[in-house]
Amino acid sequence: MLSILKLVFPSWDFFRRYEAFPVVYVTEVLPGNATVWKPILLPHALKLRHLFYNPCENLRLAKLNVLLALIDEINAWRGEPKKLRTTPYYQCFLRICSQEVLIQNPNAKFFKFKLCHENAEQSEDLFLSAEEGVIWRAL
């Protein structure tokens, strides 16, 4: 009987497992302006209705899966950043970041992203995109 209930009602622990991911920041690159890093892919507030219908969180989790694959590629290509920039997950994550920057500023042209590990005391940069990404606009 308990196993049937587990099938019907998913575990909320599934969502909490993703809190250990690095925080992703993006910034719009503007000539002569100070860089302001803004976090993206943050968890949404969970409500009871999200137990049955939660497309925003599902999309965020899909983007975090791409991030997880990108982290594996970063570790695999650590000494060769030019090859890393040609990998499929890096290109896919650039598009994800591009869309997030466009949500914040529809007139943006270039951006950078970084991955940070944060805890209560400090923030540590794990990865910084080396070049400016061009905003990708759907046609």
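Guide: Before we start, a residue here counts as buried under 20% relative accessible area, exposed over 50%, and partly exposed in between, using a 1.4 Å probe and protein chains only. This is a predicted model, where local features need pLDDT of at least 70 and side-chain atom pairs count only at pLDDT 80 or more, while totals for chains, interfaces and linings use all residues. Residues are numbered from 1 along each chain as its sequence is written, and side-chain values use heavy atoms, with hydrogens and water left out.

Visitor: Fine. Is Lys83 buried, exposed or partly exposed?

Guide: Lys83 counts as partly exposed because its relative accessibility is 42%.

Visitor: What does the Lys83 side chain meet in a salt bridge?

Guide: The partner is Glu80, at 3.0 Å from N to O. A salt bridge here is a side-chain nitrogen of Lys or Arg within 4 Å of a carboxyl oxygen of Asp or Glu. Glu80 is also partly exposed, with a relative accessible area of 36%.

Visitor: How many salt bridges in the whole structure?

Guide: The search finds four. Another of them joins Glu57 and Arg60, with the closest N and O atoms 2.8 Å apart.

Visitor: Where do Glu57 and Arg60 lie?

Guide: Both are in helix H3, three residues apart, which is about one turn of the helix. Helices are DSSP runs of H or I with at least four residues, strands are runs of E with at least two, and both are numbered from the N terminus. An α-helix has 3.6 residues a turn, so residues three or four places apart point the same way.

Visitor: Why do Glu57 and Arg60 count as buried?

Guide: Glu57 is buried because its relative accessibility is 2%, and Arg60 because its value is 7%.

Visitor: How far does H3 reach from its first C-alpha to its last?

Guide: H3 covers residues 55–76, 22 residues in all, and reaches 32 Å, close to the expected 32 Å. The expected span is 1.5 Å times one less than the number of residues.

Visitor: Which residue forms a salt bridge with Asp125?

Guide: Lys114, with the closest N and O atoms 3.7 Å apart. This pair links distant parts of the chain, with Asp125 in strand E4 (residues 123–128) and Lys114 in strand E3 (residues 110–118), eleven residues apart. Asp125 is partly exposed at 47% relative accessibility, whereas Lys114 is buried at 13%.

Visitor: New topic. How many residues in the largest nonpolar core?

Guide: It has 23, and Val24, Leu67, Phe93, Cys97 and Phe113 have the most contacts inside it. Strand E1 (23–28), H3, helix H5 (88–104) and E3 each give two or more residues to this core. By nonpolar core I mean a set of buried Ala, Val, Leu, Ile, Met, Phe, Trp, Tyr and Cys residues joined through side-chain atoms within 4.5 Å.

Visitor: How many aromatic pairs did the search find?

Guide: Four in the whole structure. One is Tyr90 with Phe113, a tilted pair at 5.9 Å centre to centre and 50° between the planes. Rings of Phe, Tyr and Trp (its six-membered ring) pair if their centres lie within 6.5 Å; planes under 30 degrees apart are stacked, over 60 edge-to-face, and the rest tilted. Tyr90 lies in helix H5 and Phe113 in strand E3, so the pair ties together parts 23 residues apart in sequence.

Visitor: What type of pair do Phe93 and Phe113 form?

Guide: Edge-to-face, with 5.3 Å between centres and 70° between planes.
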